[in-house]
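These are my notebook entries on a structure that I had not examined before. I record what I looked up, entry by entry.

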Amino acid sequence: MKDKIISEAKKRMNQSVENTQHEFNTIRTGRASVALLDNIYIDYYGTKTLIKHAANISVPEARMIVIAPYEPKILKEIETQIIKSDLGINPTNDGKSIRLSIPSLNEERRLELVKLVKKIAEDGRVAIRNIRRDSNDEFKKMESSSDITEDDLKLSQKDVQDTTDGFIVKINNALEQKEKEIMEV
């Protein structure tokens with residue numbers, strides 16, 4: 001039972017790290033990335049569809065994204081949704097594809113983005129600590145119903161804490177990497 005609780009906690013903590021990393025990937029850093037378009041949907045035959053499912057997306061240069069829709073008639077819809085998004089990038093439509101030139105970030109915007117990624121990282125750490133709390137509560141219930149001894153409880157809590165520390169380090173490393181990306185000119 002103990003192993004099952006710790007295994008479940010690891011799985012949930014790993015999901016929190018992945019969610020945090022995904023959030024980081026959607027933040028513009030002055031460098032082109034297909035992940036910038038991960039949260040942009042278009043109306044594709046009456047269905048809300050991600051751009052990446054309706055077009056071929058490539059990054060031919062460090063500061064350029066090219067979107068080539070599978071059907072040229074949806075170019076205008078893609079262009080409209082990019083303009084409406086919070087990317088702050090003006091698309092260039094040549095009739096066959098859309099080009100997004102990623103401008104350099106100014107210092108003020110870089111500092112805003114660093115603040116934002118720090119908040120995202122903290123949210124990820126809080127989620128991991130909540131999972132730790134849930135696991136420890138399970139162990140306390142087991143101890144109060146005499147399923148495990150007090151020594152087992154302490155060992156289990158230590159295992160959960162060690163697991164938590166490992167996942168917090170992963171989030172901190174991802175944060176450090178993202179901050180570097182944002183601050184490089």
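How many nonpolar, polar and charged residues does the lining of the largest pocket have? I found seven nonpolar, two polar and four charged residues in that lining. I count Ala, Val, Leu, Ile, Met, Phe, Trp, Tyr, Cys and Pro as nonpolar, Asp, Glu, Lys and Arg as charged, and the others, Gly among them, as polar.

Entry on the model. I note that this is a predicted model, in which local features need pLDDT of at least 70 and side-chain atom pairs count only at pLDDT 80 or more, while totals for chains, interfaces and linings use all residues. Residues are numbered from 1 along each chain as its sequence is written, and side-chain values use heavy atoms, with hydrogens and water left out.

Entry on the largest pocket. I looked up its volume and found about 290 Å³ of space. Of the 13 residues that line it, Thr26, Ile27, Arg28, Asp86 and Leu87 lie nearest its centre. Helix α3 gives the most to this lining, with four residues. A pocket here is an open set of points on a 1 Å grid over the protein atoms alone, where a 1.4 Å probe fits, with protein on both sides within 12 Å along at least five of seven lines; lining residues have an atom within 4 Å of a point.

Entry on the sheet. I traced an open sheet of four strands in the order β3-β4-β6-β5, with antiparallel pairing. Strands pair if DSSP finds at least two bridges between them; strands (E, at least two residues) and helices (H or I, at least four) are DSSP runs, numbered from the N terminus. The edge strands β3 (55-61) and β5 (91-93) each pair on one side only. β3 and β4 are paired over five bridges, and a hairpin joins them through two residues. I saw serine 58 opposite valine 66 in β4. Three bridges join β5 to β6 (residues 98-101), and threonine 92 has arginine 99 in β6 as its bridge partner.

Entry on the helices. I looked up α3 (residues 107-144) and α4 (residues 150-183), whose axes come within 10 Å and cross at roughly 170 degrees. α3 is therefore roughly antiparallel to α4, a term for angles over 145 degrees. Axes are lines fitted to C-alpha atoms, for helices over the stretch in contact, and angles run from 0 to 180 degrees between N-to-C directions. The contact of α3 with α4 has 15 nonpolar, eight polar and eleven charged residues, where contact means heavy atoms within 4.5 Å.

Technical notes:
Angles under 35 degrees count as roughly parallel, over 145 as roughly antiparallel, 65 to 115 as roughly perpendicular and the rest as oblique. Grid points are joined across faces, edges and corners, and a volume is the space filled by probe spheres set on the points.
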